Amino acid sequence: MQHVANVTGTRTDARAAVEVRGLSHVYAGRDGAVPALEAIDMKVPAGRFVVIVGPSGCGKTSLLMMLAGLRAQSSGAILVDGRPIDRPDPSRVGVVFQEASLYPWLTAVENVEFPLVLKHAPRAERRARAEAMLKLVGLDGFGARHPHELSGGMKQRVSIARGLVQDPPVLLMDEPFAALDEQTRMTMGHELLRIWEQTSKTVVFITHSLTEAVYLADEVLVMSARPGRILDRITVDLPRPRTYQMMATEEFGALRERIWQQIRTAP
Amino acid sequence: MRGASLIIVRLGLLAAVLLLWEALPRLGLVNAMLLPPLSDVLAALVHILGRGDVHASLGVTAAEVVVAFVIAVPLGAALGILAAENAYFGDIFKPMLFYVFSVPKSIFLSMFILAFGIGFPQKVAYAAFSTIFIVIMSASAAVESVKAEHLLVARSYGATQAQILRRVYIPSMLPILLEALRISMIFNFTGVMIAEMYASRVGIGRLIADWGENFEMAKLLAGVILLAAAAMAFNEAVRSLEARCSTWRT
């Protein structure tokens with residue numbers, strides 16, 4: 001493992017939207033130091049859709065928090081858009097969280113413009129931008145509704161719109177569809193791919209679902225149980241745009257099986 | 001329309017109670033000495049509202065209520081927020097506050113008289129004391145009701161501490177805080193009344209106690225109507241504000 005010295009200001013690879021080098025994380029638990037993540041290396045070229053799968057508690061959410069600048073790693077470097085990230089930077093990274101992350105006292109459009117409010121963007125400009133994002137995610141005309149008046153799928157569409165509103169090159173998604181029913185989840189996956197193709201963002205997506213992983217990804221990173229390591233990197237070269245029919249193909253099944261074997265047999 | 005019919009039934013019930021209040025003593029079915037007819041009570045209300053000593057008493061009582069409230073609410077809110085935000089402070093003081101909260105505050109009334117004498121400071125101190133615990137507990141609960149995900153979202157979009165306070169903490173806490181304001185006023189008003197009725201020279205509570213002792217039931221009930229109306233007006237005003245700020249709570 002090469003040691004990464006101070007990389008501030010160096011643009012090592014302009015084409016990698018997200019780059020992680022030798023990242024490890026240890027946290028202080030009840031009975032001493034607990035290794036959570038070990039020697040994580042990843043390089044996500046701009047515009048790629050990468051999915052991270054792994055068992056519960058493998059540290060994938062921690063890794064995502066670090067990519068978002070919300071949590072500090074013990075060692076190693078994270079570069080987003082060629083520059084290190086050590087604090088949240090919404091101009092480079094948008095985050096879509098698990099369910100219930102919308103503000104219930106704000107309407108859908110106010111939730112979407114929230115990041116722009118924090119940046120003191122002029123009212124008319126941020127409203128127009130938020131409306132455009134709602135249109136992009138298929139919620140044109142729903143802006144005035146409060147979250148409790150929206151279905152689970154619609155709420156996550158609003159979350160995606162909020163993640164995209166500042167037009168960051170990278171979108172991080174932490175099990176965004178985990179709380180949805182199977183049917184809505186499939187539809188949302190499909191919708192996400194449409195939005196991704198339309199916006200050409202780099203996406204790092206975390207999930208438990210192997211089917212979702214294969215369906216969405218260009219590349220699947222399989223993580224081990226704690227301490228989380230990357231066990232396998234699987235390129236999914238199913239053609240795009242993806243269709244539901246592909247899930248029934250032998251190729252799809254073989255990829256899914258390969259990931260399953262990795263997770264199942266991991267120590 | 002279910003809502004409209006409900007209102008009609010409620011008003012009908014109110015009218016029936018008022019009618020019985022008037023009729024039962026007049027018909028001799030209840031002792032008119034104990035429960036004077038409504039019309040007599042209303043006449044007494046008009047009479048006392050024209051009296052200078054009643055005006056003075058109302059002024060004193062209102063001042064006591066307001067000053068005690070203005071002391072207890074911000075102080076209690078600050079302590080409650082501190083107890084919720086600072087784990088060390090919370091661990092030390094929360095159990096203690098919890099125990100004292102359960103004790104009826106009226107048993108301390110004599111101590112307040114000994115410490116402050118009989119007068120304005122004693123009323124304010126006692127009322128603030130009987131109010132502050134509920135404010136501390138509610139403020140602490142309000143802070144704890146703020147969702148960790150909501151804070152995380154704000155941080156991920158680069159919110160400053162001041163923005164997190166204004167855009168996440170305050171809107172999250174507002175419904176609980178308004179409810180706390182309403183309930184604290186009940187404690188506060190009760191505190192002032194008890195202190196006045198127990199030992200006092202002025203104040204509407206003193207007058208009501210005097211009327212009771214002198215068996216002037218029409219005046220006593222007129223005083224009750226007056227205070228009940230004031231308490232209900234405050235309660236309803238805060239409740240309507242609460243309803244406007246809590247439409248999102250499901």
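Trainee: How many helices and strands are there in chain A?
Mentor: In this predicted model, chain A holds seven helices together with ten strands.

Trainee: And what does chain A span along its principal axes?
Mentor: The C-alpha trace of chain A spans about 50 × 45 × 40 Å along those axes. Its radius of gyration is 19 Å, which agrees with the value near 18 Å that a compact globule of 267 residues would have.

Trainee: What share of chain A is buried?
Mentor: Buried residues account for 41% of the 267 residues in chain A. As for contacts in chain A with a separation of 6 or more, 69% of them are between residues 24 or more positions apart.

Trainee: Which residues touch the most other members of the largest nonpolar core?
Mentor: Those are A:Leu67, A:Leu172 and A:Val204, in a core of 78 residues. If we leave aside its neighbours within four places in sequence, A:Leu67 is in contact with A:Val18, A:Ile78, A:Val93, A:Leu172 and A:Val204. There is also a second, separate core of 29 residues, and B:Val73, B:Phe112, B:Ala180 and B:Ala195 are among its members.

Trainee: Switching to the interface, how many residues of chain B are in contact with chain A?
Mentor: On the chain B side there are 13 residues, in contact with 17 residues of chain A. The elements of chain B that give two or more residues to that side are α7 (148-156) and α8 (161-198), and α7(B) gives the most, with six residues.

Trainee: What's the make-up of that side, nonpolar, polar or charged?
Mentor: The side of chain B that touches chain A has six nonpolar residues, five polar ones and two charged ones.

Conventions
Residues are numbered from 1 along each chain as its sequence is written. Chains are lettered from A and ligands numbered from 1 in the order in which they are written. This is a predicted model: local features need pLDDT of at least 70, side-chain atom pairs count only at pLDDT 80 or more; totals for chains, interfaces and linings use all residues. Two residues are in contact if their C-beta atoms, placed from the backbone, lie within 7 Å. Helices (H or I, at least four residues) and strands (E, at least two) are DSSP runs, numbered from the N terminus. Ala, Val, Leu, Ile, Met, Phe, Trp, Tyr, Cys and Pro count as nonpolar, Asp, Glu, Lys and Arg as charged, and the others, Gly among them, as polar. The radius of gyration is taken over C-alpha atoms; the globule rule is 2.2 Å times the number of residues to the power 0.38. A residue is buried if 20 or more other C-beta atoms lie within 10 Å of its own, exposed if 12 or fewer, and partly exposed in between; C-beta atoms are placed from the backbone. A nonpolar core is a set of buried Ala, Val, Leu, Ile, Met, Phe, Trp, Tyr and Cys residues joined through C-beta atoms within 7 Å.
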